[in-house]
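User: Hi! I'm new to this one. Could you walk me through it?
Analyst: Happy to, let's look together.

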Amino acid sequence: MSATARVTSSLCRRAVAGPSTGPATRFHQARCLRTLSTTTATIPGARLRYPATRTTHARTLAATSLPTARRCLSTTSPRRSDDDDDSFDPTTIERESDQVDVCIVGGGPAGLAAAIRLKQLANAAGDDEFRVLLLEKAGELGAHIVSGAVVQPTALQELFPDWLDENNPNRFTGATPAGKDRMRFLTKTMAIPVPAPPQMNNHGNYILSVNELAKWLGERAEELGVEVYPGFAASEVLFGPDGSVRGVATNDLGIGRNGKPKDTFERGMEFHARVTLFGEGCHGSLSKQVINKFDLRRDSQPQTYGLGIKEVWEVQPEKFRKGEITHSMGWPLPYDTYGGAWMYHFGDNLVSIGQVVALDYPNPWLSPYMEFQKLKQHPLYRSVLEGGRCISYGARSLVEGGFQSIPKVAFPGGALIGDSAGFVNVPKVKGTHNAMKSGMLAAEATWNALKDRPREEDEAAAAAPSNTVFLFEYEDALRKSSIWKELREVRNMRPSFHSPLGVYGGLIYSGLEAFILRGRTPWTLKHGVPDHAATKRADQCKKIEYPKPDGKLTFDLLTSVSRTGTNHEEDQPVHLQVKDWDKHTAETYPPFKGLENRFCPAGVYDCIHCKTCDIKAPNQDINWQVPQGGEGPKYYMT
């Protein structure tokens, strides 16, 4: 069997391991089978695998750029019997590999924008052989994305000027033009109008589901020739002999909780690339590795984070005000905890409501999830939601560090894009436009670095130090871009909330910055201690008692988690890695009284990939790692 056929076979074997995605999947399975009925004889050793109990991700495969005739093939691989040696090491099996020009890890706005821009440039130059491959750990694009979101369309319009054009049959149809803006400071019973900073002006912006936007961008990417593979979790960075990044590997499938291979064992794949772009989003597991290996934070402050919790409601028509945007600060959060909330009316009678709690909050008794439930009881929000129904729930960590926390973004063999680097504009309450723009800048730098270099077919030659690509142009372009300018202008707003006056001091200083100073001060405020180090001992803080959810407006955690569509195979290695659980319990529980149960927006009942445990754990002894590809939440309209 040829190398290409072996790679294709391995991709297909990994795709058939995913959970069912419903009738659409079965339709594509049948289409693949019909197509293959006349082609399988041409590839030696190939056979069909169409299990009745574990339906495939054929919809995913049918959407990729690989020829349809090769999409549902697998080769016979050895299976272990009960008599096999328990000391068998799966890493002794060589992984299949594929060589591409650019490998992009992460199918969010940044990764997809990078992939699209690369293929636009390659296609315009007539280079049809330029391969761009995108790996996404979710079972389908957008399934792990949670955002508000009011999106500034500048990057979208640059990428696709006709993205909303009525004459474009492939236009995005889920955008609601932003309408009236409201900013409120909340007490327990009152909503006090306050002037919104100019950065929050939403004229010309759109309310939309970034979850849906990612799906649309994925379709456009595939039309251009990007090889898009949802359901493939990149779990390892591959390094060349000179220490440069040479690609990534996906995780092994069919490993039991005990770490031993099962009968369904399938070795991961290696994707070797001339350039690898990491767009995993906030606190990505591979991004952490390259940041640490190349010391990319040597000249920046630590990243700071928030936890965003969101619900989507279908409200009564008489309460729906299409395009209305509401932001609030204050209650229910205490004065020493930074955060804010939103309510956006979009689509047909849909309302996006959510709250962000900064993860440098000091009180370990605080539960961000329960604070969000309290928020909905405020008259400002209750008056809209009452009588409606919650149709979706999601939670995700997000970057808040801003300008001070931007690391070096380029390193030998690759670069960080989007929230892997951290380009959210917190005062603006936006980040999608910057994430996409960073992906486009990285794509342009990558194309310029590769277009005149000979494409190496031999991996040994490609691994030579002389062939290592360093994207100097990306670093330079970033500093000249709108991203740099807008983040520098607001750099002092978020850290101003660290003063002894808490929220009140931050509001006063941020007002001065927003309306008068506009970032022209000669100083740059620091963030203080990392988020995990800000947590106080439980005996130093007031215990918080939360009311019981009513099941109508407020909900218990299990009910909310059930709305995420989360699915994980039980018998697999734990992806919240702790070297010594006994030590963790002994050192963490006595001083903090089980804060993990309170900061987790799934109550540790399940993992919805929010990364909060990795960020907030006081002793930094929890490492979040990707589970099997295709697993995790399956968010809807988030």
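**A first walk through the model**

User: What makes I508 count as exposed?
Analyst: I508 counts as exposed because its relative accessibility is 57%; exposed means over 50%, buried under 20% and partly exposed in between, with a 1.4 Å probe and protein chains only. This is a predicted model, where local features need pLDDT of at least 70, side-chain atom pairs count only at pLDDT 80 or more, and totals for chains, interfaces and linings use all residues. Residues are numbered from 1 along each chain as its sequence is written, and side-chain values use heavy atoms, leaving out hydrogens and water.

User: Thanks! And which helix is I508 found in?
Analyst: I508 is in helix α14, residues 502-517. Helices are DSSP runs of H or I with at least four residues, strands are runs of E with at least two, and both are numbered from the N terminus.

User: New topic: is strand β10 buried or exposed on its faces?
Analyst: Both faces of β10 (residues 227-230) are covered. E227 and Y229 are buried on one side, and V228 and P230 on the other.

User: How many bridges join β4 to β10?
Analyst: There are 4, and β4 (residues 132-136) runs parallel to β10. Two strands pair if DSSP finds at least two bridges between them. L134 has V228 in β10 as its bridge partner.

User: What about the open sheet with 3 strands, what's the order?
Analyst: The order is β5-β9-β6, with antiparallel pairing. The edge strands are β5 (150-151) and β6 (176-177), each pairing on one side only. Between β5 and β9 (residues 206-207) there are 2 bridges, and V151 has Y206 in β9 as its bridge partner.
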